[in-house]
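Reader: Please show me the model first. After that I will ask about its confidence, its chains and some single residues.

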Amino acid sequence: MRGISFDVAHLLAGTLVLVSFLQLYQDRLYALLNMFALHALVLALSVAWQAYIQDAPHLYVTAALALVFKAIIIPVALHRIIARLGIHREIEKVVGVGAAMLLGMGMVALSMVVMLRVTAEADPLAREDLAFALSVVLLGLLMMVTRRNAVGQVVGFMSLENGLVLAATGAKGMPLVVEISVAFSILIAFIVIGIFLFRIRERFDTVDVQALDRFRGERG
Amino acid sequence: MSFDAVSAVLLIPVLAAALLAVLPGYMLSARINMLAALLTFLTALSLFFGRPSAGKYLHVDDLNNVFIVLTSFVGFTTSVFSASYIGHELEIGRLTPTFLRFYHAMYQLLMFAMNLALVANNIGLMWVAIELATLTTVLMVGIYRTHEALEAAWKYFILGSVGIALALFGTILVYMAARPVIGEGLDAMVWTSLIERAGAFDPALLNVAFVFLLLGYGTKVGLAPLHAWLPDAHAEGPTPISAVLSGLLLNVALYALLRFKMLLATNPAALAPGPLMVTMGLISLVFAAFMLYRRRDIKRMFAYSSIEHMGIITFAFGMGGPLANFAGLLHMTMHSLTKSAIFFAVGHIAQVKGTQRIADMGGLTVTNPVLGWGLVLGVVAIAGLPPLGIFMSEFLVVTSTFARAPWLAIVLVFGLLVGFAALFLRLNTIAFGEPRGATAEAKASYVPMFAHLALVFMAGFYLPPALVAWFQNVAKVLG
């Protein structure tokens, strides 16, 4: 029993990291949104699998939320907003693709080193899940830092948040996961509504990206 | 859940928020806002005398009782100030009645979120509450919908979201550390059981968790270098919100940090959280003190002053020990009272002058004596001149540091002096000299401002023994 359930969970979490990398080098907004939808889909599968192997039916709620809200509603809404507001289709990036990928690999290495070392005692599934989750979180941060455009930053934040949900569901028996994922969904809905209502276009370009840069430096 | 004072502290703001969301009319809703805040404050006071036992979700102990009372008190006085401030904004058309309804509902929702974060006995619930508080303040910062306000709200939003996301990761790690000891399920997220058994947690996991929590909640405290959102959010939102942000929300985030610090302190093998907090506190203090010199916007200047003082408080709690903790608690209380009083004054000054630019203000003590001298008194207090309350608490922080780490004390004193000089340099232009700018009569209610200042003044001479005993007790708990 342990074998297959472990492998599938591992596979899904690994796929999530992979899709994070795919997001990292997209330079068109629509493609980025599609990648995000894929990210959310993989997350939904991963959470559903955790719900199954942990025998925790409440996690299906989180999985359904990821599927319906993050994989369908949000990407569709953002598609429409981009079309209606006529935002640039190209994403301005602070660093090039190569540098971003190298930085991303550094992030993954960092999270492996940190997480696998400190969780030596925990059960193997949880600890590798956690290492993957931290990778997704760091890649999301990296995405936010390297994008100048508001939608790009929002997608970065959402994939960061997917990493957190992965971590929360991987922590066996953690209470309040559903509540937390609902709270996060509200947050994201606010961001998307905010973009739409305020019709903030490229004025976000002046958002102080430096602050986030320092942030990463603090951690890295 | 049976009905008791703790649930009342939460229910009153929620019900008021629902009511205010549907009620039209400015005078009525401003009064209901005040009434609800007053009721919350009175209920919070009653917690000093009797409190329900800790549940799985909510609890009140000596530590958070202080925070709750302070929060609801400043929440109440700010609602009084807000009534006259918002009335003026409505007159000049900066706010429309619809937004006003929204504003009042959000105000109560923020009170609810802060109280929930304080009484939460569950690290997950506390996280959700702080997230809710962030959301409501983001909405209020952007309420003027000017270009600058939206940008400030967006910046706050993104940085605040990243902060709370990191804090959540830390929270998950704490649960992971607790699970093998306490077992799966709700108990592994309950403060009271976490703190009892923390000695057996895996120290390495706890260390990593604390780093995430420090960065995450530290962003909300406004510690440098994670403070970038704070000056903008203070400067562009309505002034009552600046007062609440500075006086209360920063404290709530700090409270969360303190709880986790206590958790680490009970585990001898985990890293000592003190030095990390001391370092970030000192960096914030010195950095903000220098930044004070170059400020042209009056609200932005006092926002940097808040970073400075949060730095001092974090430093004091980082030093730890009964004396430094006592000083930290006292300083936090004094700072909340003084800084919100200053923002009350600044709000009316900006309304009189029609601008927030320091260069366009001058000679306030001549043109608007009450307001001008109120500000002077507030700045004298915040700069830490004797005999006011902040002098007391800063003195305690400095002396307790000198006894244990003289080198740190030198940096501390240096930062304090730099900030002190900057504040008086600016105060000189604003309050004295040639009158500059518009000179309208201020239609202000001075009661909240002077009530706060009177408390701070009194604290400089006399602290009630009951309060001292209470703080000493809490300082011991903080370790």
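Author: pLDDT is the predictor's confidence in each residue, from 0 to 100. This is a predicted model, in which local features need pLDDT of at least 70, side-chain atom pairs count only at pLDDT 80 or more, and totals for chains, interfaces and linings use all residues. Residues are numbered from 1 along each chain as its sequence is written, while chains are lettered from A and ligands numbered from 1 in the order in which they are written.

Reader: What pLDDT does chain A average?

Author: In chain A, 85% of the residues score at least 70. The average pLDDT of chain A is 81.

Reader: Which element of chain A has the lowest mean pLDDT?

Author: Helices and strands are DSSP runs numbered from the N terminus (helices H or I, at least four residues; strands E, at least two). The highest mean in chain A, 93, belongs to helix 2 (residues 29–54). Over residues 201–220 of chain A the pLDDT is below 50. The lowest mean, 39, is that of helix 8 of chain A.

Reader: Which element of chain B has the highest mean pLDDT?

Author: Chain B has a mean pLDDT of 90, and 99% of its residues reach 70 or more. Among its elements, helix 14 (residues 364–367) of chain B is lowest at 86. The highest, at 95, is helix 12 (residues 298–319) of chain B.

Reader: How many helices does chain A have?

Author: Along the sequence, chain A reads α-α-α-α-α-α-α-α. Chain A has 0 strands and 8 helices.

Reader: How many residues does chain B bring to the contact with chain A?

Author: Two residues are in contact if their C-beta atoms, placed from the backbone, lie within 7 Å. Chain A gives 40 residues to the contact, and chain B gives 34.

Reader: How are helix 8 and helix 10 of chain B oriented to each other, roughly parallel or roughly antiparallel?

Author: Axes are lines fitted to C-alpha atoms, for helices over the stretch in contact, and angles run from 0 to 180 degrees between N-to-C directions. Helix 8 (residues 203–221) and helix 10 (residues 239–265) of chain B pack at about 165 degrees, with their axes 8 Å apart. Angles under 35 degrees count as roughly parallel, over 145 as roughly antiparallel, 65 to 115 as roughly perpendicular and the rest as oblique. Helix 8 and helix 10 of chain B are therefore roughly antiparallel.

Reader: Which residues of helix 10 of chain B meet helix 8 of chain B?

Author: The residues of this contact divide into 13 nonpolar, 1 polar and 1 charged. Helix 8 of chain B brings residues including Leu206(B), Phe210(B) and Lys220(B). Those they meet in helix 10 of chain B are Leu250(B), Ala253(B), Leu254(B), Ala256(B), Leu257(B), Phe260(B) and Leu264(B).

Reader: How far apart are the axes of helix 4 and helix 5 of chain B?

Author: Helix 4 (residues 97–119) and helix 5 (residues 123–141) of chain B are roughly antiparallel. Their contact has 15 nonpolar, 2 polar and no charged residues. The packing angle is about 155 degrees and the axes are 8 Å apart.

Reader: Is Val380(B) buried or exposed?

Author: A residue is buried if 20 or more other C-beta atoms lie within 10 Å of its own, exposed if 12 or fewer, and partly exposed in between, with C-beta atoms placed from the backbone. Val380(B) is in helix 15 (residues 369–383) of chain B. Not counting residues up to four places away in sequence, Val380(B) touches Leu385(B) and Leu388(B). With 21 other C-beta atoms within 10 Å, Val380(B) is buried.

Reader: Is Asp55(A) buried or exposed?

Author: Asp55(A) is in the loop between helix 2 and helix 3 of chain A. Its phi is positive, about 55 degrees, although Asp55(A) is not a glycine. Because Asp55(A) has 7 C-beta neighbours inside 10 Å, it counts as exposed.

Reader: Is Leu176(A) buried or exposed?

Author: Leu176(A) lies in the loop between helix 6 and helix 7 of chain A. Leu176(A), not a glycine, has a positive phi of about 65 degrees. With 22 C-beta neighbours inside 10 Å, Leu176(A) counts as buried.

Conventions:
Nonpolar A, V, L, I, M, F, W, Y, C, P; charged D, E, K, R; others polar.
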